[in-house]
Every structure is written in C-alpha cells, then in structure tokens.
Amino acid sequence: GTVAATPHLAPCTWTQTDDCLVARLAIPAGTPSSAVAVSFEVNAMDIRVHGEASSMCGRLHGVVKPSDCTWELERAPPAEPAMFELRADQQPHDEVVVTLAKGKAGAEWGGLFASGVGMSSKREKPPPPPEKPKPAPPPPRAGGGVGGVGFVQRKLKLGERGGGNGGGGG
C-alpha cells in the first residue's frame with residue numbers, strides 16, 4: 001500500500017480567515033517531528049517529510065509574513081484494534097497543521113498556491129458569508145422563459161390587494 005506510506009502526497013485541505021490561512025497535511029501516523037521540515041518564505045512554502053517533497057510545496061497564491069507563520073504536529077488518536085485489517089485510506093494519520101499569516105489582512109485568497117502550482121490543495125468550503133448581496137440578474141432577453149414568472153408574481157400581488165378589502169367578520 002503506497003497510499004499508507006505517503007499520505008503527505010495527497011491533497012492538503014485549507015481554510016482562511018481575514019488575517020491567516022490554516023492548512024492541514026496528512027502524514028504517516030507516528031512520524032517524528034524531526035522528520036518534518038517546514039520552511040516559509042514571503043511567497044512560498046516548503047514542507048518535506050523524511051526529506052521528500054509533500055503536496056504543500058510551492059509558490060503561494062499571496063504574500064505571507066514568514067516570521068508569523070507557525071506549524072505543529074497534530075497526532076491522530078490511536079486506532080481501535082479492529083477485527084479486520086484497515087484499508088490504507090482508513091488508517092489514522094497525523095497532520096501537520098500550518099498557520100500562514102497573510103501579508104495583507106483581509107485579502108481573499110482564491111487558492112492556497114499560485115495558479116498552476118499545488119493544484120492538489122483542496123479548499124474546505126466555509127458557510128457562505130451573509131453579507132454581499134448578489135448582483136441583480138441581467139434583464140431577460142425577448143423570448144426568454146423568465147418573463148412568464150414575473151407575470152405570475154404580479155397576478156398574485158393584485159389578488160392579495162383585492163382580498164384585503166373584505167371587512168373582518170363579527
């Protein structure tokens with residue numbers, strides 16, 4: 001099972017806030033921290049496991065403050081002794097959790113890595129922000145099916161107005 005031996009080549013996952021990004025990279029369970037090498041540059045990141053490049057190597061999408069970037073190892077809980085062998089992709093793995101401080105707070109990153117690099121990063125979708133209303137759709141072209149919907153709504157409004165005139169019963 002090559003998957004079990006090299007989870008660090010699988011896509012990392014990441015999330016972002018206004019001032020930082022948090023990326024998680026799976027590594028084999030029990031990997032000593034001494035086997036993990038992490039380096040940050042203003043616009044690049046390089047994480048190696050046992051000297052091997054991981055999926056978190058490359059030019060970043062934006063600029064970070066290397067001195068404020070941190071990383072830690074998160075150990076997986078030990079696996080329950082199973083009655084049968086776990087498949088490689090079910091085995092627990094440890095994670096390298098990287099926190100990147102954005103060079104410009106509030107800047108929205110469209111990706112973790114620059115376009116064309118590290119396509120293996122997978123963004124965890126946060127819930128959509130409530131603010132920022134969507135721009136109004138362009139007016140329908142003649143012959144489009146959208147016009148019919150507008151008519152139905154107008155009829156309903158007229159009906160409501162007509163029904164509101166009846167006095168309350170006594």
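User: Before I look at individual residues in this model, what makes two strands count as paired?

Analyst: Two strands pair if DSSP finds at least two bridges between them. With that in mind, and remembering that this is a predicted model, we can turn to strand β3, residues 36-41, and strand β4, residues 44-49, which pair in the antiparallel sense over 6 bridges. As one example, Val38 has Ile47 in β4 as its bridge partner.

User: How many residues does the hairpin between β3 and β4 use?

Analyst: The hairpin that joins β3 to β4 runs through 2 residues.

User: Which strands make up the open sheet, and in what order?

Analyst: In general, strands of a sheet pair through backbone hydrogen bonds, either parallel or antiparallel. Here the open sheet has 3 strands in the order β3-β4-β5, with antiparallel pairing. Its edge strands are β3 and β5, the latter spanning 52-59, and each of them pairs on one side only. From one strand to the next, the twist averages 5°.

User: Turning to charged side chains, how many salt bridges does the structure hold?

Analyst: The general idea is that side chains of opposite charge can pair when their charged atoms come close. This structure holds 4 salt bridges. One of them is formed by Arg24 with Glu95, whose closest N and O atoms are 2.7 Å apart. That pair links distant parts of the chain, since Arg24 sits in strand β2 (residues 20-28) and Glu95 in strand β7 (residues 93-101), 71 residues apart.

User: Is Arg24 buried, exposed or partly exposed, and what is its relative accessible area?

Analyst: Arg24 is partly exposed, with a relative accessible area of 26%.

User: What should I read from the pair of Arg75 and Asp94?

Analyst: Arg75 forms a salt bridge with Asp94, and the closest N and O atoms are 2.5 Å apart. Because Arg75 lies in the loop between β6 (70-74) and β7, while Asp94 belongs to strand β7, the pair ties together parts that are 19 residues apart in sequence.

User: Which salt bridge does Arg48 form, and how far apart are the closest N and O atoms?

Analyst: Arg48 pairs with Asp46, the closest N and O atoms being 2.9 Å apart. Arg48 is partly exposed, with a relative accessible area of 32%, and Asp46, at 23% relative accessibility, also counts as partly exposed.

Methods:
Residues are numbered from 1 along each chain as its sequence is written. This is a predicted model: local features need pLDDT of at least 70, side-chain atom pairs count only at pLDDT 80 or more; totals for chains, interfaces and linings use all residues. Side-chain values use heavy atoms; hydrogens and water are left out. Helices (H or I, at least four residues) and strands (E, at least two) are DSSP runs, numbered from the N terminus. Buried means under 20% relative accessible area, exposed over 50%, partly exposed in between (1.4 Å probe, protein chains only). Axes are lines fitted to C-alpha atoms, for helices over the stretch in contact, and angles run from 0 to 180 degrees between N-to-C directions.
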